[in-house]
Amino acid sequence: MDFSISAKGQDYLERVKRFMADEIVPVEAQYHRELAALDNRWVVLPVIRELKAKAREQGLWNLFFPDDTYGCGLLNSDYALIAEETGRSFIAPEIFNCNAPDTGNMEVLIHYGSDQQKAEWLPRLLSGEVRSAFCMTEPDVASSDATTMVATATVDGDEVVLNGRKWWSTGVGHPDCKVAIFMGVTDTDAAKHRRHSMVLVPIDAPGVSIERMLPVFGAYDEPYGHGVVAFDNVRLWRAIA
Ligand SMILES: Cc1cc2nc3c(=O)[nH]c(=O)nc-3n(C[C@H](O)[C@H](O)[C@H](O)COP(=O)(O)OP(=O)(O)OC[C@H]3O[C@@H](n4cnc5c(N)ncnc54)[C@H](O)[C@@H]3O)c2cc1C
């Protein structure tokens, strides 16, 4: 495979590098100091919103999409070099609207969401107005193999009912996190790789509760965080793609 960067990718990479050097690197240490001084660190400091607006204005936004309907139409091999740059900074991925798990979640929504689901969530995720989480890993099973999953997404008439506990759900602590993709077992009789459903869940749906946030090597990674999330009889209207 040819891993050389395209001319378009090179242009974006240079602009991202310049933005990092001019706008992000000079403020990042102060950003961390300010956040660390707060009693409640689960907040978005104004500088983040300002830099997001600037990055968006310059077209340095949603760089991860390989087609130009939703993003910049860069090759994955171009984007890898951009992610290498933004990965040097804790705040840069959000500033370019390129942070996990929103990137993967937006792609899932585009490929598999119904028109209604897309209309409800995609513009808000693409604009960076809201953030999202991906709830797959569970405390009680070896989750590196998703076929061990025990949480359920059961169909009941026009509704889907979610039950289970998830953990390491990255981003659920962010004040803008409004939606999650929940993964659960729907059909226990199906072959083990065909049992699961992914369900879009508004974080404020009745029955969803964030039990606690988990530290990673002593850090909570505020304001994103990694949470333990309980789903107790969460009933959602079933919109099929
Ligand atoms: C910072 C952070 C962020 C995360 N964010 C998310 C997120 O947003 N959403 C989400 O759903 N999850 C998230 N995760 C969870 C992550 O995806 C899981 O930790 C990972 O998939 C491993 O699953 P596990 O923790 O259950 O480990 P296990 O599956 O219990 O694995 C533990 C060890 O056992 C080994 N092992 C497991 N099964 C076998 C086997 N059959 N044979 C041999 N060895 C085996 C593994 O290789 C590993 O070394 C995050 C984790 C971290 C640390």
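Me: How many residues surround the ligand, and which are the closest?

Reply: This is a predicted model, in which local features need pLDDT of at least 70, side-chain atom pairs count only at pLDDT 80 or more, and totals for chains, interfaces and linings use all residues. Residues are numbered from 1 along each chain as its sequence is written. A residue is near a molecule if its C-beta atom, placed from the backbone, lies within 6 Å of it. Here 14 residues surround the ligand, and the closest are Met136, Ser143, Ser144, Trp168 and Thr170.

Me: How is strand S4 joined to S1?

Reply: Two strands pair if DSSP finds at least two bridges between them. S1 and S4 run parallel and are joined by five bridges; Phe134 has Ile181 in S4 as its bridge partner. S4 also pairs with strand S5 (residues 196-202), in the antiparallel sense over seven bridges. There, Val185 has His196 in S5 as its bridge partner.

Me: How many residues of S4 are buried?

Reply: A residue is buried if 20 or more other C-beta atoms, placed from the backbone, lie within 10 Å of its own. In S4 (residues 177-185), seven of the nine residues are buried.

Me: Into which domains is the protein divided?

Reply: Domain bounds come from an automatic or database domain assignment. The assignment gives domain 1 (7-99) and domain 2 (131-237). Their centres, taken over C-alpha atoms, are separated by 27 Å.

Methods. A residue is buried if 20 or more other C-beta atoms lie within 10 Å of its own, exposed if 12 or fewer, and partly exposed in between; C-beta atoms are placed from the backbone. Helices (H or I, at least four residues) and strands (E, at least two) are DSSP runs, numbered from the N terminus.
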